[in-house]
Amino acid sequence: MFKKILFFLLLFGTQAAQAAGIKHDFIVHIGPFDASRTSFEYDLDAGHYKAQSVVQTNGFFDVIYPFTAHYLTSGRIKPGGELQTEVYKYASQTRTNRRTKELIYNSDGVPVYRLSSKNDKSKKVEITHDPKNAGTTDLQTVFAEMAKQYNETRFCDSRMEVFDGKRRFAVIFKDEGDELLSADKYSPFGGKAHKCSLYIDKLDNTGDDLLWQISSDRPIYFWILEEPSSKLPFISRIHIDSTPLGELNVYAANITVRK
């Protein structure tokens with residue numbers, strides 16, 4: 001569940017010309033549990049983008065299900081402004097399992113191989129070409145593209161299709177207008193925020209991904225503020241009304257801008 005939330009969070013700061021990079025530190029609450037600490041770092045130049053993140057379970061969650069994961073996505077920014085993925089890597093560790101995943105892309109930004117391992121047993125799978133996947137992108141780059149749009153227009157409405165090497169689905173963003181957000185004990189950031197929502201259309205696919213199921217039935221809400229000195233938009237809060245463990249809330253605890 002954390003994985004898709006992570007990439008949703010992390011690519012929102014990458015398109016600002018004023019900054020070469022930004023780091024977010026987040027607190028994740030699920031139901032009554034202070035469940036996770038996450039950090040996200042982004043770097044951007046004229047022709048490339050890169051995002052790295054780390055997630056670590058916290059407190060009671062770390063006792064019953066210790067989990068650490070590292071994520072990396074990077075690619076090039078084409079002359080017309082389109083983002084094209086070149087590298088996607090993932091590595092995780094639980095109490096009993098180590099997993100890795102890497103997607104190999106061709107020069108058109110289409111994944112052609114999936115490399116994976118579990119407890120050091122490796123597998124390479126060729127990704128079957130399907131004309132229906134033409135024009136799709138990866139999930140991380142979808143959020144980067146939406147971030148680019150928001151930086152230019154301050155508006156969220158967008159729909160893009162994703163192919164993750166196994167499934168094709170649509171990510172739908174909707175603009176929800178402005179709201180006043182108050183700082184609290186979890187996050188020092190408050191003020192006039194722009195509210196957006198996200199849905200996933202499974203396009204008649206099936207699967208047991210928890211976030212996939214939740215966001216197909218109800219929206220994920222998120223609130224955008226601007227960092228005062230750089231005017232860089234960043235995600236301050238995320239909320240899901242209901243998960244199997246209760247509502248989910250993500251709070252930005254700290255923002256560091258690198259120029």
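**Entry 1: Lys 23 and Asp 25**

I began with Lys 23, which counts as partly exposed because its relative accessibility is 26%. The rule I applied calls a residue buried under 20% relative accessible area, exposed over 50%, and partly exposed in between, with a 1.4 Å probe and protein chains only. Asp 25 is also partly exposed, with a relative accessible area of 22%. I found a salt bridge between Asp 25 and Lys 23, with the closest N and O atoms 4.0 Å apart. A salt bridge here is a side-chain nitrogen of Lys or Arg within 4 Å of a carboxyl oxygen of Asp or Glu. By this rule I record nine salt bridges.

**Entry 2: basis of the values**

I note that this is a predicted model, in which local features need pLDDT of at least 70 and side-chain atom pairs count only at pLDDT 80 or more, while totals for chains, interfaces and linings use all residues. Residues are numbered from 1 along each chain as its sequence is written, and side-chain values use heavy atoms, with hydrogens and water left out.

**Entry 3: the chain as a whole**

I looked up the elements and recorded four helices and 14 strands. These are DSSP runs numbered from the N terminus, helices being H or I of at least four residues and strands E of at least two. Of the 259 residues in the chain, 49% are buried. The accessible surface comes to about 12,400 Å², and carbon and sulfur atoms hold 49% of that surface; the areas come from the Shrake-Rupley method with a 1.4 Å probe, and for residues only the protein chains shown count as cover.

**Entry 4: strands β10 and β11**

I next examined Asp 178 and Lys 192, which form a salt bridge with their closest N and O atoms 3.7 Å apart. Asp 178 lies in strand β10 (residues 168-181) and Lys 192 in strand β11, so this pair ties together parts 14 residues apart in sequence. Asp 178 is partly exposed at 46% relative accessibility, whereas Lys 192 is exposed at 65%.

A salt bridge of 3.4 Å, N to O, also joins the side chains of Glu 179 and Lys 195. Glu 179 belongs to strand β10 and Lys 195 to strand β11, 16 residues apart. Is Lys 195 buried or exposed? I found Lys 195 to be buried, because its relative accessibility is 14%; Glu 179, at 33%, is partly exposed.

**Entry 5: the disulfide**

I searched the whole structure for disulfides, taken as cysteine sulfur atoms within 2.5 Å, and found one. This disulfide joins Cys 156 to Cys 196, with 1.7 Å from S to S. Cys 156 sits in the loop between α3 (139-153) and β9 (158-163), and Cys 196 in strand β11, 40 residues away. Both Cys 156 and Cys 196 are buried.

**Entry 6: the nonpolar cores**

I then looked up the nonpolar cores, each a set of buried Ala, Val, Leu, Ile, Met, Phe, Trp, Tyr and Cys residues joined through side-chain atoms within 4.5 Å. The largest has 40 residues, and Val 171, Phe 173, Leu 198 and Phe 222 have the most contacts inside it. Strand β12 (residues 220-226) supplies the largest share of this core, six residues. A second, separate core of 10 residues includes Val 55, Phe 67, Ile 127 and Phe 163. Not counting residues up to four places away in sequence, Phe 173 touches several residues, among them Met 146, Cys 156, Leu 198 and Phe 222.

Notes: Contact = heavy atoms within 4.5 Å.
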